[in-house]
Each structure stands twice: as structure tokens, then as C-alpha cells.
Amino acid sequence: MKKFKKLLAIIVCVFMMAGTFAACGGGEEVTESPSPVSSAVASEKVTEASPAAVNPADLKGEITFWHFNKDEGPAIVAAFNKVYPNVKVNLSIVPDKDQQFQNKLTSAIRAGQGVPDVFPAESAFVKRFVEMPDAFLDLTEKAASIKDNMIPFTVEVGTDSSQKIRALSHQAAVGAVGFKKSVAKKYLGTDDAAAVAEMLSSQDKMLETAKKLKDASGGKVALFPSWEEAKKMYLGGRSEGWVNTEKKLVIDSKVDELIDFSKTIRTEKYELALDQWSPGWASAIAADEQAMCWAIPTWGVPWIIGSNDKKAADGGRWGICKPPFTYFWGGTWFGIYSKTEKADLAWEFVKFFTTDNATMKDWAKANQDFPNNLAVIKEGSGEESKIVGTDLFKFYEPFVTSINGKILTPYDDTIERQFDDVMKSYLAGKVKDKAEVLKLFKEKVKTNLKDITVE
Amino acid sequence: MLNKLRAGDKYGQYGYLFIAPFFLVLAIFTVFPMCYSVFLSFTSWDGGTIDPKFVGLENFAELIKDSTFFQSVRNTLVMWIMNVVPQMVFAIGLAAILTDKYIEIKGKGFFRAIFYLPNLVTMASVGLLFYYILDWNTGSLNMLLMKIGVLSEPFNWLQDVAATRISISFTLWWMWFGYSMLIFMSGIKAISEDLFEAAHVDGANKWQTFWKITIPSIKGSILYNFVTSVIGGLTMFDIPYVLTSGQGAPLEKALTIVNYMYNMTFRNNNFGYGATIFVGMFVIVLVFVTIAYKLLDKKND
């Protein structure tokens with residue numbers, strides 16, 4: 001306790017001192033600020049988060065931070081320490097294999113002991129922690145002035161059911177469609193991204209394009225490698241999530257459309273019937289003429305296309321275009337433990353890598369990531385992607401704000417597994433029709449989620 | 001004599017100290033979790049920060065009318081029988097052949113090692129290996145069958161109930177027959193050579209020797225194998241989990257009891273009901289094991 005008071009005193013002193021310095025320095029440093037210290041100060045100006053900006057080098061202390069990713073965790077700490085050299089971040093990597101990270105974290109929160117000051121949550125389970133009592137600190141006030149510079153869906157994901165912001169993200173896994181340029185050019189007559197996007201802009205157009213592609217290639221090339229590519233987009237295009245506020249299962253019209261669309265593309269052989277992530281699916285990415293379109297989120301450019309198609313980085317092979325329905329796929333959110341004694345220091349840490357313009361731009365470039373920062377996105381990345389040959393920041397900018405983040409619920413993982421199971425049987429011809437699909441799906445949801453009303 | 005020695009022994013109590021670590025570990029990692037699971041089965045808990053709420057027998061009322069649970073019990077039993085019967089038959093047969101000194105087979109040791117090999121590989125890797133072999137679109141099994149003209153178009157093995165169950169049983173059989181074989185071999189080796197020699201001299205053929213001498217003499221091994229496979233079979237998890245995308249696909253027809261419990265607890269975050277499934281499974285295993293032990297006892301009489 002004594003130690004804590006001492007620390008608090010230091011922090012307060014640092015805040016006050018830094019306040020005066022920043023007040024002097026702020027005015028003249030907007031344009032010419034090459035050093036990381038002043039760039040942080042500059043970003044304070046942009047975001048106007050705290051009334052008294054802190055000189056990062058003066059900030060001292062120690063916080064604990066857990067991450068489930070052994071690459072991202074240390075990279076974040078390294079970026080932070082470059083600007084805040086005197087804040088010690090004790091990082092622990094706890095992989096989430098078999099929900100290890102989630103379980104360890106939940107036990108710690110329950111016991112109220114050994115909880116890290118800052119911890120992340122992935123899109124698959126972020127809602128669980130956002131809604132979990134005692135987990136994340138309410139950041140609504142703190143984030144009030146910075147959230148407008150973030151992509152709205154990322155804020156929606158980090159917001160709980162009582163409209164309190166609990167977690168923020170440094171990245172935005174915006175979804176798009178990656179397509180094989182040679183195939184598009186050869187069989188559809190164009191490889192222009194806007195033209196391809198137009199050909200995929202609705203269900204009817206997708207079917208039309210798929211037919212054209214199949215006929216022109218003599219059945220050699222399918223529109224999608226798997227129905228699951230379409231699933232990502234259709235589910236992203238829903239207006240309501242799987243479960244509504246009354247805890248009732250919702251079958252959105254897009255889900256309904258997806259069931260029919262998937263069946264059609266399977267029977268018409270407009271998809272290759274491969275499982276997402278299967279070896280066959282991966283090799284289709286590298287193959288020249290098997291399928292044309294993949295659901296590609298921001299991270300998918302390097303990690304779906306780049307890592308599977310070794311020739312992709314030479315350029316010219318892949319294009320990227322706007323999806324028929326905007327969606328996001330993945331992402332990591334960060335929040336502060338609700339009962340931490342170091343909330344201010346932890347906030348500096350979270351705020352730093354979710355708002356600092358220069359850091360976020362560098363981070364995105366170094367990690368082929370996409371920053372959750374509208375100002376940085378607007379500027380553009382300043383370079384063309386080697387794989388898809390376009391400035392990705394500029395490419396995503398027009399539609400990032402139309403993504404719906406409200407459709408994420410804590411039950412998605414379970415519900416989508418039931419949906420996949422029924423759909424795979426349906427597509428294999430083992431379930432007779434759509435009515436049966438919906439009946440089986442509802443039964444399965446009912447069995448697996450006892451607190452959800454299924455009608 | 002021994003009692004006399006012990007009477008003045010002041011150190012006997014230290015024995016408890018020596019066995020304490022084992023019991024401590026057992027208590028912490030086995031007894032406590034089991035008791036805690038039983039406790040949880042009477043509660044409603046999402047594994048989160050709100051404490052478990054006592055709900056009495058509500059979960060059990062749900063369990064006895066839970067068709068998915070009974071489906072999983074049926075699946076498990078079917079797949080266990082489909083695996084354990086061929087496994088036993090094969091293992092005994094191979095054990096008899098490999099231990100028979102009147103049969104000349106070159107490299108008996110080599111075969112013994114080869115048959116045991118699958119057992120050394122991690123279950124999950126074996127599951128994944130078979131998953132890829134059975135993949136209907138790109139798997140090697142369909143490619144082979146199509147190449148030799150058995151199939152004209154790929155067959156979706158893992159979407160067919162019978163094929164999925166057979167695949168799981170087959171995989172388990174492939175993994176475990178070598179292990180059973182070793183146990184039977186040691187059982188056969190323990191039979192006095194004289195018996196086989198006497199049979200040989202008396203002109204008994206292989207078949208008669210096998211039924212009249214080998215089988216009756218290794219009844220103990222057979223029962224041991226049976227009992228361990230009851231427990232192993234009813235708690236099967238890894239292979240079905242990997243082969244069915246963790247879902248017991250297609251449509252829960254290959255969902256095992258443990259898989260259902262795992263999904264309910266760790267994927268659906270319903271710790272209360274997951275524990276109830278555990279208790280249900282515990283009762284079933286208990287019944288089967290009791291029957292198996294009764295059989296063992298009978299043999300000892």
C-alpha cells in the first residue's frame with residue numbers, strides 16, 4: 001500500500017510537470033516532430049485526450065500485461081517502451097490453445113488476484129469479457145475524445161450492452177474480396193477492381209458472374225473455393241446479430257439468403273466444396289486456375305494470400321475489391337482490469353497504441369496490419385501493397401465506416417459451429433431442404449445454449 | 001516374527017510420509033476436481049466471474065430428457081463395440097502367431113514393433129492424419145479409390161453417419177491393437193511351454209491348441225484388456241473430436257459423451273450443465289466397470 005502511494009505521488013508529480021512542458025512545447029511541434037517523444041505529444045494534440053499531456057520519458061512505473069500471441073505481445077511492448085522508456089511492462093504470454101488464456105484470466109478475475117493491469121481479447125471471445133462483470137474497466141469517459149478517430153465498428157465491438165466502452169483496438173480487420181487477376185481478365189474480360197466489385201455486388205450478380213466464369217472456362221474455374229467465403233460476407237451483412245437484446249435467436253434475412261446461395265453454388269459447382277483452411281483450400285490459393293475469389297480481411301493479404309501463394313509478392317497476380325456486404329473478420333481488443341490500482345498508467349499504455357498516429361502507422365506498415373485510426377487511414381499508407389498492388393489504406397477507407405460491429409455477440413462461436421455443422425450436412429445432401437436446415441439448427445442452438453430463447 | 005519386529009518399531013509412521021506425495025497429488029488433481037464437478041452439477045455457472053448459483057436437481061431433470069446426451073451415449077457405445085471387438089480378435093490372433101515357436105516367421109520382433117508403433121503417436125496427430133486421408137475432395141483415400149475405379153466420384157466419408165463411425169472405430173483399432181497384442185503376448189508367454197509341447201506331441205493342430213490351451217490360459221489378460229477398454233472406450237475423445245470438427249459431425253451422430261461434455265463446458269461456457277453430463281457419464285462408466293469387475297471376480301473364483 002505504501003509502495004502504491006509512493007507510486008501515485010510520482011505519477012501525479014510527473015503529470016503536473018509534464019503538463020507545463022507540454023503546454024510550452026505543443027504549439028510549435030505539430031509539423032516538425034521526428035523524435036518519438038514529440039510525436040507522442042503531437043498525437044496528444046490530435047486526440048486531445050488528457051488535459052495535461054505527459055512527457056512520456058518522465059512517466060515511471062510498472063504494469064503487467066498478458067497477451068495470447070507470442071509475436072504481437074512483445075512487439076507492442078517494444079513500441080511502447082521506445083516512447084515510454086521508464087515504464088516497465090511485465091509481459092506474460094499465455095496462448096489461448098484450448099481456451100487456456102480465457103480460463104486463466106477468468107480464474108484470476110474471479111479470485112481478484114494476479115489479474116494483469118492490461119489484457120487483450122480476440123474477436124472470438126472479446127464479447128465474453130466485455131460483458132463479464134469485474135473484467136474490464138469502464139473506459140467510456142477516458143475514450144470519449146479519442147473514439148471518434150476510431151472505426152465505428154471497433155468501438156461497437158468493445159462496447160457492452162449498457163453502452164459502456166470496455167475495450168479498444170489498435171487494428172481493424174476489415175474484410176474485402178481478394179481475386180485472381182489473370183482469371184478475371186481471361187474469363188470475365190476485366191481485372192479492374194471496381195468492375196469486379198460491381199460483378200459481385202449482389203446475390204444475383206454473383207450467380208451471374210459465377211455462371212459466366214464457369215461457362216467461359218469450361219467448368220475449370222469456380223467463383224469461390226468454398227461456401228465459407230460467401231458465409232463471411234453474408235454474416236457480415238446482417239442487420240442483427242445471432243442473438244438480440246431479449247436473448248432470442250435471430251435468423252436474419254441474410255442468413256436465410258446464405259442458405260439458398262450456398263446450396264446453389266454447391267449444386268451448380270460455382271464453388272470447389274473445399275473446407276476453409278484445409279490443405280486443398282490452401283493449394284487452390286496458389287493454383288492459377290481453380291477458383292477466383294477469396295474472403296480476404298486486412299490480415300489475409302499477407303497471411304491468406306501471401307503465405308499460401310509464394311508468387312503473390314511479385315505482384316500482378318492478385319487484386320482486391322469491395323465485398324458485396326461489408327464485414328470484418330478477427331481483430332484484437334485491449335482493456336484495463338476493472339480493479340487495477342494502476343488505471344492511469346495502464347490507460348497511457350492502451351491509449352498509446354490505440355491512438356498514437358505515428359506509432360499506429362509504423363505498426364501497420366511493419367506488420368502489414370491496418371490501423372484503427374481514421375486520420376492515419378485518410379493519409380494513406382504512402383505505398384502500394386506488393387501483393388494486391390494498391391494503397392490499402394486508401395482502398396479500405398470508403399467502406400470501413402459501413403461495417404456493422406453490433407452484430408457480434410458472446411454466443412457467436414457456439415452458434416456458428418452449429419450452423420456450420422447443419423450447413424455442411426445440407427450441402428452434402430444429407431439434409432433435405434431449408435426448412436429442415438432451420439429446424440435442426442434451432443434444435444442444436446437450443447441444446448447448446450440453455451439461456452437463449454429459440455422460436 | 002514380523003509382528004514382533006513391528007511392535008517395537010518407532011519408524012513405521014514414517015511410511016505415511018513416503019506415500020503422502022502420491023495421495024496429495026491424487027487429492028489435488030483427481031479427487032478434488034471430481035468432487036467439485038459433482039458440486040457444479042447442482043449449480044448454474046457460466047465459468048465467469050459471477051459465482052455458481054445453486055439450482056438443485058434442475059440440471060439432472062434436464063439431463064434425463066436431453067436427447068443429445070442419450071445420442072452421445074449411443075454413439076459412444078456403438079463406436080466402442082465396433083472398435084473393441086476387432087481389436088481383441090486381431091490382437092489375440094497376432095499374439096498367438098507371433099509367440100508360436102512352431103511357426104517360422106522372419107523378423108517377428110520387427111512386426112511386433114511395427115504393430116505397436118501407431119500407439120506411440122499422439123492421438124490428435126493420428127486424428128489429423130486420418131482427417132486428411134478421408135477428406136472427400138482432396139483426400140488420398142478417395143483419390144485412390146477413384147484411380148482404381150471403385151468410385152466414380154468422390155464420396156463424402158465424414159458426412160456419412162456409418163462411414164464416420166467406422167472411420168473413428170478403425171482409427172482407434174489401428175492405434176490400439178498393437179498395445180493389446182503386447183499384453184496378450186505376455187499372457188501367452190506366461191503359459192508353460194510344456195503344455196504346447198504336449199499338445200504338439202499329441203498331434204493337436206494349431207486351431208485346437210489355440211482354443212484349448214491359449215485362450216483358456218489368457219482369460220486374465222483378456223479380462224484385463226476388456227476392463228481397461230471399457231473405461232478407455234466410454235471416455236473416447238481425441239480421435240472423434242478431430243475427425244468430426246469437434247462437433248460430432250455429421251449432426252451429432254458421432255458425438256461422444258466426453259466431446260459433448262467438453263463442448264458444453266468449454267465452448268458453450270455452461271460449466272454447470274457440463275458437470276452434470278460428467279456425473280451422468282460417471283454413473284454409466286461405474287455400471288460398466290462394476291459389471292466388468294464382477295466378471296473378473298468370477299474368474300478368480
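Is B:Asn270 buried or exposed? B:Asn270 is buried, because its relative accessible area is 15%; buried means under 20%, exposed over 50% and partly exposed in between, with a 1.4 Å probe and protein chains only.

The model is predicted, so local features need pLDDT of at least 70 and side-chain atom pairs count only at pLDDT 80 or more, while totals for chains, interfaces and linings use all residues. Residues are numbered from 1 along each chain as its sequence is written, chains are lettered from A and ligands numbered from 1 in written order, and side-chain values use heavy atoms, without hydrogens and water.

**Around B:Asn270**

B:Asn270 sits in the loop between helix 13 (257-267) and helix 14 (271-300) of chain B. Helices (H or I, at least four residues) and strands (E, at least two) are DSSP runs, numbered from the N terminus. Leaving out residues up to four places away in sequence, B:Asn270 touches A:Lys450, B:Trp45, B:Met264 and B:Thr265. Contact means heavy atoms within 4.5 Å.

**Chain B as a whole**

Chain B has 14 helices and two strands. Some totals follow.

| Property of chain B | Value |
|---|---|
| Radius of gyration | 24 Å |
| Span of the C-alpha trace along its principal axes | about 85 × 75 × 30 Å |
| Buried residues | 44% of 301 residues |
| Accessible surface | about 16,900 Å² |

A compact globule of 301 residues would have a radius of gyration near 19 Å. The radius is taken over C-alpha atoms, and the globule rule is 2.2 Å times the number of residues to the power 0.38. Carbon and sulfur atoms hold 69% of the accessible surface of chain B. Accessible areas come from the Shrake-Rupley method with a 1.4 Å probe; for residues, only the protein chains shown count as cover.

**Cores**

A nonpolar core is a set of buried Ala, Val, Leu, Ile, Met, Phe, Trp, Tyr and Cys residues joined through side-chain atoms within 4.5 Å. The largest has 108 residues. Within this core, A:Phe129 and A:Tyr396 touch the most other members. A second, separate core has 61 residues, including B:Leu63 and B:Phe278.

Beyond four places in sequence, the contacts of A:Tyr396 include A:Val174, A:Pro297 and A:Phe370.

**Helices**

B:Phe18 lies in helix 2 (residues 14-40) of chain B. B:Phe18 counts as exposed because its relative accessibility is 70%. In chain A, helix 16 (residues 357-367) has buried residues, among them A:Met360 and A:Trp363. A:Gln368 follows helix 16 of chain A, with a positive phi near 50 degrees.
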